[in-house]
Amino acid sequence: MPVIELADVSRAFTVTSRSGLRRTRREVRAVDGMTFSVEPGEVMGYIGPNGAGKSTTIKMLTGILVPSGGSIRVAGVDPSRHRLKLARRIGVVFGQRTTLWWDLPLKDSFAVLQKMYDVPLARHRENLATFVELLDLRDLLDVPVRQLSLGQRMRGDIAAALLHDPEIVYLDEPTIGLDVISKARLREFLAQVNAERRTTIILTTHDLDDIEALCTRVMVIDHGHQIFDGTLDGLKSSQSAPRTLVVDLAASLPAIEVAGATVVKVDGPRQHLTFPTSTSAAPLLAQIAANYPLVDLSVSEPTIESVITQLYNSA
Amino acid sequence: MPSQWCPNPRVFPDSGRFCVPLWLSDITCFERRLRVGVYWAIAVRSFRRFSTYRIATASGAFTNTVFGFILCGIYLTLWHERPGLGGYDTADALTFVWLQQGLLMPVGIWGATTTGELGERVRSGEIAVDLYRPTHLLLWWLSVDLGRAMFQLLVRGGAPLLVGALVFDLKFPSTPQAWLGVAAGVFLAILVSFGIRYLVALSGFWITDTRGMEQLALVLSTFFSGMILPLVVFPGAIGAIARATPWAATMQVPIDIWLGRNPGGTGSALLFQLGWIVVLLLGAQLVTSVATRKVVIQGG
């Protein structure tokens, strides 16, 4: 049974703009006709450009915003009607905000959470021990949160969101501003939590590496509409973003001519060609090797960035 | 699920057939079993938090003490010219000064860090984060404010009073019952003040710029709490009105309980405070519900 179900959900806002003395009211649809469901244990990447309707959807899923149309069920309840009840079963992390007590040691925040979510003490200790171990928080427990680095604070926030064994966790840009090592560590931790506890994770991010590392499913939205829902590989092959072939020749030549590929850049003896994802690279190589002094070559797949850019532009 | 949350599923089944409107369901939504533990834990953390600001606390207490001496100079002159003004003798007037300086911060006559932060969260929209917690907004902030007030009462309240008592001949309650009355009066004063500050902070849901509101609250609070002059010195209708406002319940009333100068005795003074607490906290809960609905339904 799906843990999250949306049926034809939309959300409109009334925007009042004033020019001179005239006031005009206009309805903006932030989310329009959204229908999808998420199974327990899924890790879904939820991506879209700024203003696409990502946070509006998350707010409706957590019950702090009522949809203007359609129906939502999260963990078996209507979120806006049972906001407080639902709050005990979900975890939320905002990359740019903290729910920790700023001036107090990290452990104080955890102690309040145990009371707040009525977590049995034994279970709380067990969870805390696990997260302290996995997120390397041991030396940070006695440090006031304001003295933590961004990466350390983020680890604290993630642990705080998971201490009460939530069924669903919403992560809003959890890796924003973190260095490469901190990012990798956080992703590894989330993957482990998902695997061991079957926690459903909804991840909104602009960092597509997060998606590559974690998500079994990707949803792309733009202007309040779903424009893609499927696996990452599915996303890549859904778009005809070209692959790139880089060849090193024995000498600097003018742009070479190859059937089925086009030269986009000549850089001394090195030439860059693009060709559609659907065609094989082998016949192209044969052609080039037969006609030109080929020294070395490499083929690169389209980047997820280029795929998504293309998706936004075509929507 | 250890504790149940309303709407009571039997009365308001989720089928949608028998549901009350959302705005009503939120107002009628109370915890059936109030989880005291979490609010106590919050108050304790808030107390600890304020105890980390050592230098600010020390310099604040010093400022209160300096102002205490300045005001004593003024009041001594005033009561020398008009002995028995407002029914106070000189010792009453001087005790008033040091109690006033001691209560200023704990009660939050000029606002407090906690409710100031609440107002800031309303303005920035960060208040939405508070709605993700399975706790009541009003009770959360009340606990935070009580933790702050208890710390400031112990440190910022005690220090000026101690210095004042060393230099001047001040009045102190003489019986355990009188001390109990003072403790109750101060506690209720903090609740009244919280009610007012909370409402001012939440006004940000409707007014884009709450600075005007805060200024107005500051002026009203400064005058009607008795910060400028004890309210007992104001004659006739002005005095009667001033002593009936909720601000009177934040400072004038608890000080009068200390001095044993309440016209109707300590009991009626406490009832007066309780009356304002009921009005303000009910109003605060109503405003919280309406504001939450506004965020949830209109989107902020």
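I note at the outset that the model is predicted.

**Entry 1: domains of chain A**

The contact draws on eleven residues of domain 1 of chain A and eight residues of domain 2 of chain A.

I asked which elements give two or more residues to the domain 1 side of this contact in chain A. They are helix 7 (208-214), strand 8 (217-222), strand 9 (225-230) and helix 8 (232-238) of chain A. Helix 8 of chain A gives the most to that side, with three residues. I sorted the domain 1 side of chain A by class and have seven nonpolar, one polar and three charged residues.

**Entry 2: chain B against chain A**

I turned to the contact between the chains, which takes 26 residues from chain B and 28 residues from chain A. On the chain B side, I listed the elements that supply at least two residues each: helix 1 (22-27), helix 2 (36-51), helix 6 (127-130) and helix 12 (265-298) of chain B. Helix 2 of chain B accounts for the largest share of that side, seven residues. By class, I have 14 nonpolar, six polar and six charged residues on the side of chain B that touches chain A.

**Entry 3: a sheet in chain A**

I looked up an open sheet of four strands in chain A, with the order 11-12-10-13 and antiparallel pairing. Which strands are at the edges? I found strand 11 (262-267) and strand 13 (294-300) of chain A there, each pairing on one side only. With direction ignored, neighbouring strands of this sheet are turned by 20° against each other on average.

I followed one pair in detail. Strand 11 of chain A pairs with strand 12 (residues 270-275) of chain A in the antiparallel sense, over five bridges. For Thr262(A), I found the bridge partner Thr274(A) in strand 12 of chain A.

I also checked what packs on the sheet, and found helix 9 (residues 282-291) of chain A. This helix 9 of chain A touches strand 10 (243-249), strand 12 and strand 13 of chain A. I noted an angle of about 160° between the direction of helix 9 of chain A and that of strand 13 of chain A.

Terms used. Residues are numbered from 1 along each chain as its sequence is written. Chains are lettered from A and ligands numbered from 1 in the order in which they are written. This is a predicted model: local features need pLDDT of at least 70, side-chain atom pairs count only at pLDDT 80 or more; totals for chains, interfaces and linings use all residues. Two residues are in contact if their C-beta atoms, placed from the backbone, lie within 7 Å. Ala, Val, Leu, Ile, Met, Phe, Trp, Tyr, Cys and Pro count as nonpolar, Asp, Glu, Lys and Arg as charged, and the others, Gly among them, as polar. Two strands pair if DSSP finds at least two bridges between them. Axes are lines fitted to C-alpha atoms, for helices over the stretch in contact, and angles run from 0 to 180 degrees between N-to-C directions.
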